[in-house]
Amino acid sequence: MHKALTCAIALLAATAGQASAADELMQQAKELFQPIPDKPPAVEGVASTPAMVELGRMLYFDPRLSESHNISCNTCHQIGLGGGDMLPTSIGHQSQRGGRNAPTVLNSVFNAAQFWDGRAKDLVEQAAGPIQNPIEMAITAEHAVETLRTIPGYEEAFAAAFPGEKEPITIDNIAKAIAVFETTLITPNAPFDRFLRGDAQALSDGQREGLKLFIDSGCASCHNGINVGGGQYAPFGVVEKPGADVLPPDDKGRFMVTKTPDDEFVFKVPTLRNIALTMPYFHSGQSWDLEQAVGVMAVSQLGVELGAPDVKKITAFLESLTGEQPQVVYPVLPPSTVETPRPQF
């Protein structure tokens, strides 16, 4: 009886110790991260309405916002593919390739800035960029506006979204509507979100071990906040620069925006939300294996060579960041007219 009692006490003590460790980990996590809300935040300075969201949905999927009438926002940021396109770099106008991997549009509203180099301060600035980029959609602002003004269905949709404006179809309003729609592309209720809200069983044992490693090894010093990233800039290769295939020497990152020498090879820290869905990885799109990407980051950013078991644990944690994907109905777009400019290839 004495031996049995001793074993029972030991078991209770071990269980209590495990519970205490789990509570401590949850508290650590709550100090570093926040769950994604069920409702999207607003775009600063833009009063969102259902009519504007609907207009933005139409524009997001409309290829007539490109010179060829063949490329839409969804071409490179496919909502059904985790908000990316599963290509190292996207294919744009006349089969030109972009210089960087297309970042996910999902949860992008929570980023401090947009694009890998942060050149757009918010989603409104971001939305206008690819439309006019000669490598991407390659249409001028004037031509985009001219095209939409020849489509009666858009005249009505813009008037509903921007009531009272004499000329509601402008490049600024195009960008605002797309941005407002993009705020709705959030992925709440991931296992990690449920964990942050107090459900200790939302993560598996391996995922909790991976979360602890993620925090203790220093990953969370850059990948933190609501988007587990997206909130700051960091040099790629803090300790050891990766090879030229992963870090192309001619892409100097944020330096190309600021012209500040300290910003060479500095990039916006990407969100890790839904990372298991958004291969290939890095701004160069040169890693197709999430475990490999974890290993590269450990060496280049932390100077740590993780063993295979630890890499698998961190990867298991990253898989817990996959949330409920947006369910978007593909819109029926208003038809062109004889006055609508023809596509140019």
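A nonpolar core is a set of buried Ala, Val, Leu, Ile, Met, Phe, Trp, Tyr and Cys residues joined through side-chain atoms within 4.5 Å. In this predicted model, the largest such core has 46 residues, and those with the most contacts inside it are Leu55, Leu59, Leu65, Phe158, Ile174 and Ile178. The elements that each supply two or more residues to this core are α2 (50–61), α4 (123–132), α5 (141–149), α6 (152–161) and α7 (171–183), and α7 gives the most, with eight residues. In soluble globular proteins, nonpolar side chains tend to be buried together.

Ile178 shows what such a position looks like in detail, for, leaving aside residues up to four places away in sequence, Ile178 touches Gly56, Leu59, Tyr60, Leu65, Cys73, Ala127 and Ile131.

Two of the helices can now be followed together. The axes of α4 and α7 come within 8 Å and cross at roughly 115°, and this crossing is right-handed. On the α4 side the contact includes Leu123, Ala127 and Ile131, while on the α7 side it includes Ile174, Ile178 and Glu182. The residues of this contact divide into ten nonpolar, three polar and two charged.

Is a charged residue such as Asp62 buried or exposed? Asp62 lies in the loop between α2 and α3 (73–76), and Asp62 counts as buried because its relative accessibility is 1%, where buried means under 20%. Not counting residues up to four places away in sequence, Asp62 touches Ile71, Ser72, Tyr154 and Leu333.

How values were computed
Residues are numbered from 1 along each chain as its sequence is written. This is a predicted model: local features need pLDDT of at least 70, side-chain atom pairs count only at pLDDT 80 or more; totals for chains, interfaces and linings use all residues. Side-chain values use heavy atoms; hydrogens and water are left out. Buried means under 20% relative accessible area, exposed over 50%, partly exposed in between (1.4 Å probe, protein chains only). Helices (H or I, at least four residues) and strands (E, at least two) are DSSP runs, numbered from the N terminus. Contact means heavy atoms within 4.5 Å. Axes are lines fitted to C-alpha atoms, for helices over the stretch in contact, and angles run from 0 to 180 degrees between N-to-C directions. A crossing is left-handed if the near helix is turned anticlockwise from the far one by less than a right angle, and right-handed if clockwise. Ala, Val, Leu, Ile, Met, Phe, Trp, Tyr, Cys and Pro count as nonpolar, Asp, Glu, Lys and Arg as charged, and the others, Gly among them, as polar.
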